[in-house]
Amino acid sequence: MQQLNHFTRLDAQRITEIAAAVQSPFYLYDEGTIIDRCKDVLSMPNAFGLCVRYAMKANPGKSILRLVAGQGLLIDASSMMEARRAQLAGIHLNKIILTAQEVPAGEDHEALKQMMLGGLLYNVCSLRQLREIGPFAAEHSIDLSIRVHPGVGTGESASRNTGDHYSCFGIHLRDVPEALDYANSLGIRFVQVHEHIGSGGDPQMWRENIDLELSFIREYFPDAHTVSFGGGLSEARMPGETAADVQMLGLYAKEKIELFYKETGRKLRMEIEPGTYIMANAGYVVTRVMDKKNTGEGGFNFLILDGGMDMNARPIMYGSVHPYYVVSRDGRLLFSEYRDMEAGGYEAVVAGRCCESGDCQSLTMQGLSYPRKMAEPEIGDYVLIGGAGAYCSSMAPFNYNSFLQAPEVLFKMDESFELIRKRQTMEQLLQNEL
Ligand SMILES: *Cc1c(COP(=O)(O)O)cnc(C)c1O
């Protein structure tokens, strides 16, 4: 079988054809997987309506935004720049929510006002944000959303837990009464209550969060018609990992929202904001083996690829593990993490070309590289890093060592491929220098 894995219709032969046309390194996204994921989340069971927003920070390119929007997803923007970017991609402001750490002061203040007049939903994340924008919202009778910090959370690693006391996203439950007093004094309505507990996707935590959120909507937010559970649907990048069970979580939420209706007479619409779940397994970093080294007794085999942390920084940031694929120059699949898990013999540390000892795709949480089983490639063969559709291109520290930002390619439903972002040029790298 030449197919990489069960997520995609991409096969080894096609990858070498695309690589011959585009030149490594590049990002490759599978349109079919993205569409499947969109359909999957849109099928989530719900009681009184479901709205799915794509968390665009996972992968914010214009083609991706249009693709997911075309499937019926709205947009979750994490900064005003992101909201602006979605708008420039042709997405109407009334399909965008802004959930940001920024305080809309100065120029941003004017820009935010214009966006809100255009239909953007502003998700208030701090008391200061509320005081900055409250009078304007009141004056124009613009309803707001509020992000509540619940005091609990979950994440794949501590640095991605967004809900506990180590993180500072949203208005802490302790400050909610003060926010409400202020909003009431101006006559502002919070029509949506939002929480994002992090990207770990621990289903028990998700369920507890649903209970918690409904309880404080009941206690504090009489005007809310929508409850947003945020993102954090986990994805299984590696064999053996488990993805969020969207059907099961939906059934749980549905039951709780129906119960809420029985008890209060209020029909809440439900909202979710997946980023990872839509994009992670749709993407690959496609690289070529440039060099091979060995570090002697007690050391490891190293493969030096033409792309590494400059394209996928998740291992160095979080100790994340991504699947590998090895494709020969002539288009044979020599190794797939999904097909050849028990493959024996060869083990290597996959390294990039940056002058940084942590530029490896397999690192412990302490930052030490370790070898992984795979097939031994020849120089010039391709190594693909899977699970790379979310938070790889968008978070990459790509100009370190003056390497150029890599291009992005979309493998389409009809099996053609399309360049959706060109490689950065040296001129672009230098253009703002004076
Ligand atoms: C990052 C983020 C998301 C998406 O999280 P994923 O783990 O990628 O699904 C959703 N909502 C908000 C507010 C976020 O900041």
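What share of the contacts in the protein chain with a separation of 6 or more comes from residues 24 or more positions apart? I looked this up and got 70%, with contact meaning heavy atoms within 4.5 Å.

**Ground rules.** I am working with a predicted model, where local features need pLDDT of at least 70 and side-chain atom pairs count only at pLDDT 80 or more, while totals for chains, interfaces and linings use all residues. Residues are numbered from 1 along each chain as its sequence is written, and side-chain values use heavy atoms, with hydrogens and water left out.

**Overall fold.** I find 12 helices and 19 strands in the protein chain; these are DSSP runs numbered from the N terminus, helices being H or I of at least four residues and strands E of at least two. The radius of gyration is 23 Å, close to the 22 Å of the globule rule for 434 residues, so the chain is as compact as a globular protein of that length. That radius is taken over C-alpha atoms, and the rule is 2.2 Å times the number of residues to the power 0.38. I note a C-alpha trace spanning about 70 × 55 × 45 Å along the principal axes.

**Burial and charge.** Of the 434 residues, 56% are buried (under 20% relative accessible area; exposed is over 50%, partly exposed in between, with a 1.4 Å probe and protein chains only). I count 41 positive side chains (Lys and Arg) and 55 negative ones (Asp and Glu), leaving out His and the chain ends. The centres of the two sets lie 4 Å apart, each charge being placed at NZ of Lys, CZ of Arg, CG of Asp or CD of Glu.

**Cysteines.** I looked for disulfides (pairs of cysteine sulfur atoms within 2.5 Å) and found 0. Cys38 is buried, at 0% relative accessibility. Cys355 is also in no disulfide, and its nearest cysteine sulfur, that of Cys354, is 8.4 Å away. Cys355 is exposed, with a relative accessible area of 62%.

**Backbone entries.** The peptide bond from Ser24 to Pro25 is cis, with omega near 0 degrees. I place Pro25 in the loop between helix H1 (12–22) and strand S1 (26–30).

Ser141 has a positive phi, near 50 degrees, and is not a glycine. Ser141 sits in the loop between helix H6 (127–139) and strand S6 (144–149). Is Ser141 buried or exposed? Ser141 counts as exposed, at 62% relative accessibility.

Tyr391, again not a glycine, has a positive phi of about 60 degrees. Tyr391 is in the loop between strand S17 (382–385) and strand S18 (408–411), and counts as buried at 14% relative accessibility.
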